[in-house]
Structure formats: C-alpha cells, structure tokens
Amino acid sequence: MSSPYLSQLLNDNMKVTFTHFINEYRIELAKEMLQTNTKKVDDIADECGFNSTSTFYAVFKKHVQMTPSAFRKNAL
C-alpha cells in the first residue's frame, strides 16, 4: 500500500491526517510508559519515535492538556 493511499484512507475514514494518527499512537505509548517506569521523559520521547524532545512536549501537551512530567505526577 502506498503512503498517499494510506493517508487518503485515514482522511476519508477516520477524518485525521497521517501525522495526527501516528502521534496519537505515540502519545498513548508514552502515557503508558510514564505510568509504568521511571525512565527520563527524554528517553521515553525517543523510544516513542519522536526525533526532538521539544516536539514531543508540544504534541503531548496538545493531546493530553498537560506536560509529560505533570501527567506522570498525576498518574502516581
């Protein structure tokens, strides 16, 4: 399946962009990791596929309405 076709399927059926879809998946993984281990937030960002910690923080805050550190604190 080509990338443009997959992107079109996501747009048509789920009303989300490919980037949004991938980021949702990555943030859900990050939330699970923040709740279950004591790794540094930067390491979790890297393991979840974010190339930049600043991008991770921005995307996380957009999706969860709080920083990763605040999420971890509230989860514990």
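Phe 56 and Tyr 57 form one of them, an edge-to-face pair with 6.0 Å from centre to centre and 75° between the planes. Rings of Phe, Tyr and Trp (its six-membered ring) pair if their centres lie within 6.5 Å; planes under 30 degrees apart count as stacked, over 60 as edge-to-face and the rest as tilted. A pair of aromatic rings is described by the distance of the centres and the angle of the planes.

Is Phe 56 buried or exposed? Phe 56 counts as buried because its relative accessibility is 0%. Tyr 57 counts as partly exposed, because its relative accessibility is 30%. The cut-offs are these: buried means under 20% relative accessible area, exposed over 50%, and partly exposed in between (1.4 Å probe, protein chains only).

Phe 60 and Phe 71 form another edge-to-face pair, with 5.7 Å between centres and 75° between planes. This pair links distant parts of the chain: Phe 60 is in helix H4 (residues 53-64), Phe 71 is in helix H5 (residues 68-75), and they are 11 residues apart. Phe 60 and Phe 71 are both buried.

Which residues form one aromatic cluster? They are Phe 50, Phe 56, Tyr 57, Phe 60 and Phe 71. A charge also sits over one of these rings. Arg 26 lies over the face of Phe 50, 5.4 Å from the ring centre. The rule for this asks that NZ of Lys or CZ of Arg is within 6 Å of the ring centre and within 35 degrees of the ring normal.

### Ground rules

Residues are numbered from 1 along each chain as its sequence is written, and side-chain values use heavy atoms, with hydrogens and water left out. As the model is predicted, local features need pLDDT of at least 70 and side-chain atom pairs count only at pLDDT 80 or more, while totals for chains, interfaces and linings use all residues.

### The chain as a whole

The protein chain has 5 helices and 0 strands. From the N terminus on, its elements run α-α-α-α-α. Helices (H or I, at least four residues) and strands (E, at least two) are DSSP runs, numbered from the N terminus. The C-alpha trace spans about 40 × 20 × 20 Å along its principal axes.

Buried residues make up 25% of the 76 residues. The chain exposes about 5300 Å², and carbon and sulfur atoms supply 53% of that area. Accessible areas come from the Shrake-Rupley method with a 1.4 Å probe; for residues, only the protein chains shown count as cover. Among contacts with a separation of 6 or more, residues 24 or more positions apart account for 44%. Contact means heavy atoms within 4.5 Å.

### The core

The largest nonpolar core has 14 residues. Which residues have the most contacts inside it? They are Ile 27, Phe 56 and Phe 60. Helix H2 (18-36), helix H3 (41-47) and H4 each give two or more residues to this core. A nonpolar core is a set of buried Ala, Val, Leu, Ile, Met, Phe, Trp, Tyr and Cys residues joined through side-chain atoms within 4.5 Å.

Take Phe 56 again. Not counting residues up to four places away in sequence, Phe 56 touches Ile 27, Ala 30, Val 41, Ala 45, Phe 50 and Pro 68.

Asn 23 is found in helix H2. Asn 23 counts as buried because its relative accessibility is 12%. Leaving aside neighbours within four places in sequence, Asn 23 is in contact with Phe 50, Val 59 and His 63.

### Salt bridges

How many salt bridges are there? The count comes to 2. A salt bridge is a side-chain nitrogen of Lys or Arg within 4 Å of a carboxyl oxygen of Asp or Glu.

| Salt bridge | N to O distance |
|---|---|
| Lys 31 and Glu 28 | 3.2 Å |
| Lys 39 and Glu 47 | 2.9 Å |

Lys 31 and Glu 28 are separated by about one helical turn, because they are 3 residues apart in helix H2. Glu 28 is partly exposed, with a relative accessible area of 43%.

### Helix H1

Leu 6 is found in helix H1 (residues 3-14). Leu 6 counts as partly exposed, because its relative accessibility is 31%. Leaving aside neighbours within four places in sequence, Leu 6 is in contact with Met 1 and Phe 18. Leu 6 and Thr 38 are 32 residues apart in sequence and 35 Å apart in space, C-alpha to C-alpha.
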